[in-house]
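Here's a quick tour of a model that may be worth a look before you set anything up.

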Amino acid sequence: AKGPSGLDKIVLRDPRGFTAEVRLYGGQVTSWKNDHRDELLFVSNKAIFKSPGAIRGGIPICFPQFGTHGNLEKHGFARNRLWFIDDNPPPLPVNTAIKTFADLILKPSEEDLKIWPHSFEFRLRVALGPKGDLLLTSRIRNTNADGRPFSFTFAYHTYFSVSDISEVRIEGLETLDYFDNLQDKKRFTEQGDAIVFESEVDKIYLDAPPKIAIIDHEKKRTFVLRKDGLPDAVVWNPWDKKSKTIQDFGDEEYKQMLCVEPAAVEKPITLKPGEEWKGRLELSAVPSSYYSGQ
Ligand code: TA6
């Protein structure tokens, strides 16, 4: 799936060897590697990188609808559209340490307007931070000419690469309320300590804190997620049975992945014409010994 420029992806490189790759198809980050060339995001061996489906892995963008919370196709249409590169993006703030970034834009086609009758401009900035952090900023603007507001739900459906799902725990979500997709989207309160995995999980944690950690004991690696503008956090692992029903996903791959997805689901975002919403995600991967938990 190539854009008009003939490109299918942009590769960002920082001087210390971190890299990130973002595809025009879906505006989707499909690789983020540290200075040892370790892949930090999960992408399925069965992933298909072209229309009509979404790419199984990396960071699909769910917009203008998360999941089945509305009557659009599941997770909205942004993840299976061709975005374009902004060759002349607005500059970075003056005193930022970021040097490497790319801006992708999605605007609705005539066909999209039939599905979701709202004019918008979605600008996704993907950047590598000074320590190799992966920074995603989404700016969504209502460009309706006739004064109509619109509402949407959203998620960065992030697939992390982990050594073994049984050796992983999440910190930051304990004691929160969540909707459980496996139990008719009913509301519960998390009772345990840190979140660990021994069966299928599909939950939307509500009003999650701005910082969440994924601790991979076997790899001795901790992912730190920082989010802004995105109150909720979805956690998903399909486990063995569900995996077999997903065509573009290997039967055993659930062991090597975990989705933790900063999102705005419970309370949709509403924008009046001319208004803009901003949702940010910052990811860093650090040796667990550096992570103090604070
Ligand atoms: O974010 C979790 C979820 O909504 C799950 O319900 C699960 O189905 C997953 O997303 C993947 O959805 P997809 O449409 O990409 O197969």
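Lys220 sits in the loop between β16 (211-216) and β17 (221-228). Keep in mind that this is a predicted model. Lys220 isn't a glycine, yet its phi is positive, at about 55 degrees. With 59% relative accessibility, Lys220 counts as exposed. His75, in the loop between β4 and β5, is another non-glycine residue with positive phi, near 65 degrees. His75 is buried, though, at a relative accessible area of 6%.

| Peptide bond | Omega | Loop holding the proline |
|---|---|---|
| Ser51 to Pro52 | near 10 degrees | between β3 and β4 (61-62) |
| Phe63 to Pro64 | near 0 degrees | between β4 and β5 (84-85) |

On to the sheet. Three strands form an open sheet in the order β1-β2-β3, paired antiparallel. β1 (9-13) and β3 (28-33) are the edges: each has a single partner strand, so one side of each lacks a neighbour in the sheet. From one strand to the next, the twist averages 15 degrees. Five bridges link β1 to β2 (residues 19-23), and Arg13 has Thr19 in β2 as its bridge partner.

Leaving out residues up to four places away in sequence, Leu258 touches Phe160, Phe197 and Trp236, among others.

Note on methods. Residues numbered from 1 in each chain as written. Predicted model: local features only at pLDDT ≥ 70, side-chain atom pairs only at ≥ 80, totals over all residues. Heavy atoms only, no water. Contact = heavy atoms within 4.5 Å. Pairing = 2+ DSSP bridges. Helix = DSSP H or I, 4+ residues; strand = E, 2+ residues; numbered from the N terminus. Axes fitted to C-alpha atoms, helices over the stretch in contact; angles between N-to-C directions. Buried < 20%, exposed > 50% of the residue type's maximum accessible area, 1.4 Å probe, protein only.
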